[in-house]
Amino acid sequence: MINPFLAAVMGTVLHLKRKCPKCKREQVTKPGEKNKAVKCKHCGTRIPPVVNSEQ
Ligand SMILES: [Zn+2]
């Protein structure tokens with residue numbers, strides 16, 4: 001059985017995950033940056049925000 005609260009937390013964490021289009025590494029962004037482009041901490045490439053309708 002999945003706790004609805006836990007499911008919500010996991011969904012939030014997954015939503016904050018982004019995959020760099022260049023080096024393909026995943027990283028977690030800050031909640032305040034979820035609608036902004038962030039820099040990949042590995043290679044410095046700009047990663048655009050994840051579109052809500054996908055995933
Ligand atoms: Zn990268």
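Setting aside neighbours within four places in sequence, Pro 21 is in contact with Thr 45 and Ile 47, where contact means that the C-beta atoms, placed from the backbone, lie within 7 Å. Pro 21 sits in the loop between β1 and β2. With 11 C-beta neighbours inside 10 Å, Pro 21 still counts as exposed; the label goes to residues with 12 or fewer other C-beta atoms within 10 Å of their own, buried needs 20 or more, and partly exposed covers what lies in between, again with C-beta atoms placed from the backbone. Cys 40, 19 residues away along the chain, has its C-alpha atom 9.3 Å from that of Pro 21.

All of this comes from a predicted model, in which local features need pLDDT of at least 70 and side-chain atom pairs count only at pLDDT 80 or more, while totals for chains, interfaces and linings use all residues. Residues are numbered from 1 along each chain as its sequence is written.

The loop between β1 (17-19) and β2 (26-28) also holds Lys 24. For a residue other than glycine, Lys 24 has a positive phi, near 65 degrees. Lys 24 is exposed too, with 10 other C-beta atoms within 10 Å.

The order from the N terminus is α-β-β-β-β. Of the 55 residues, 2% are buried. As for contacts between residues at least 6 apart in sequence, 17% join residues at least 24 apart.

Key
Helices (H or I, at least four residues) and strands (E, at least two) are DSSP runs, numbered from the N terminus. Two residues are in contact if their C-beta atoms, placed from the backbone, lie within 7 Å.
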